[in-house]
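Open the model in your viewer and keep the sequence panel beside it. Each stop below tells you what to select and what is there.

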Amino acid sequence: MKTVKLVSIAALMSCSFAIFTGSAVAADAVSDVKIATLREAPLNVEPTPPAMQKVSNTDVKQSRNYPMQPPVIPHKIDGYQVDLKVNKCMACHDRKQTTDSQAPMVSVTHYMDRENNFLATLSPRRYFCTQCHVPQLEAKLLVENDFVDMDHLIEADSNKKAKH
């Protein structure tokens, strides 16, 4: 029994050593290869991060690019407390506050549970706003974007059919 344990331990140790030394060799080989990334630096170098971009703070409602897209946040949210005790967003967007704040009320779906029953307060699954809603930055695109929204696709299709 002891012999079997010793042989097993020796086999595991030799496999571990082979994997360890093999990964070191593989890491050396990868470091010489140029990998295209947005970092514009090798993976083993920590570059100086770019300056934080300015948050768009217009308070102007922005159009949505596709159906069911959550609205973006058109203002700064720096310092907003959203945790288990407080949701700063609801100080303006709660249905009881919208008359005073003039902010849009959150959708009625945010007051529904999983069985589509209406609740008196915000649903716990919709409580953390920034899971879906994000502020926009005034920043240049990091990669080229050829996204075409649904309205333009429908218009192009109807123009194509009209020509035929």
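## A loop stop: Met68

Select Met68 to start; this residue sits in the loop between E1 and H2. The model is predicted. Check the backbone torsion here: phi of Met68 is near 70 degrees, a positive value in a residue other than glycine. Most residues other than glycine have a negative phi. Is Met68 buried or exposed? Met68 counts as exposed because its relative accessibility is 79%, and the cut-off for exposed is over 50%.

## Along the E1–H2 loop

Move to Asp59. It lies in the loop between strand E1 (54–55) and H2. Asp59 is not a glycine, yet its phi is positive, about 60 degrees. With a relative accessibility of 58%, Asp59 counts as exposed.

Now pick Tyr66. The loop between E1 and H2 holds this residue too. Tyr66 has a relative accessible area of 44%, so it is partly exposed. Tyr66 and Val148 are 82 residues apart along the chain, and their C-alpha atoms are separated by 9.5 Å.

## Zoom out: the whole chain

Switch to cartoon view. How many helices and strands does the protein chain have? There are 4 helices and 2 strands. Trace them along the sequence and you get α-β-α-α-β-α.

Colour by burial next. Of the 164 residues in the protein chain, 15% are buried. The protein chain exposes about 14,200 Å², with 61% of that supplied by carbon and sulfur atoms.

Take the contacts in the protein chain with a separation of 6 or more: residues 24 or more positions apart account for 43% of them.

## The largest pocket

Show pockets. The largest one has a volume of about 1,000 Å³. Its lining counts 37 residues. Select Pro71, His93, Pro104, Val106 and His133: these lie nearest the centre of the largest pocket. Which element gives the largest share of the lining? Helix H2 (residues 90–93) does, with 3 residues.

## Val106

Keep Val106 from that selection. Val106 belongs to the loop between H3 and E2. Its relative accessibility is 16%, so Val106 counts as buried; the cut-off for buried is under 20%.

Val106 and His93 are 13 residues apart in sequence, and 5.8 Å separates their C-alpha atoms in space. Beyond residues up to four places away in sequence, Val106 touches Met90, His93, Tyr111 and Leu122.

## The largest nonpolar core

Now select Met90, Val106, Tyr111, Leu122 and Tyr127. Together these 5 residues make up the largest nonpolar core.

Setting aside neighbours within four places in sequence, Tyr127 is in contact with Val82, Asp83, Leu84, Lys85, Val86, Asn87 and Leu122.

## His110

Select His110. This residue is found in the loop between helix H3 (98–101) and strand E2 (137–138). Is His110 buried or exposed? His110 is buried, because its relative accessible area is 13% and buried means under 20%.

Show side chains. The side chain of His110 makes a polar contact with the side chain of Thr109, at 3.4 Å. Leave out residues up to four places away in sequence, and His110 touches Leu122, Ser123, Arg126 and His133.

## Last stop: Thr98

Finish on Thr98, in helix H3. Thr98 counts as buried because its relative accessibility is 16%. Follow the side chain of Thr98: it reaches the backbone oxygen of Arg95 at 3.5 Å.

Apart from neighbours within four places in sequence, Thr98 is in contact with Cys92, His93, Ala103, Pro104 and Met105.

Conventions: Residues numbered from 1 in each chain as written. Predicted model: local features only at pLDDT ≥ 70, side-chain atom pairs only at ≥ 80, totals over all residues. Heavy atoms only, no water. Core = buried A, V, L, I, M, F, W, Y, C linked by side-chain atoms within 4.5 Å. Buried < 20%, exposed > 50% of the residue type's maximum accessible area, 1.4 Å probe, protein only. Contact = heavy atoms within 4.5 Å. Polar contact = N/O pair within 3.5 Å; in protein donor to acceptor, adjacent residues only side chain to side chain. Areas by Shrake-Rupley, 256 points an atom, 1.4 Å probe, with all protein chains shown as cover. 1 Å grid on protein atoms, 1.4 Å probe; cavity = no way out; pocket = protein on both sides within 12 Å on 5 of 7 lines; lining within 4 Å. Points joined across faces, edges and corners; volume = space filled by probe spheres on them.
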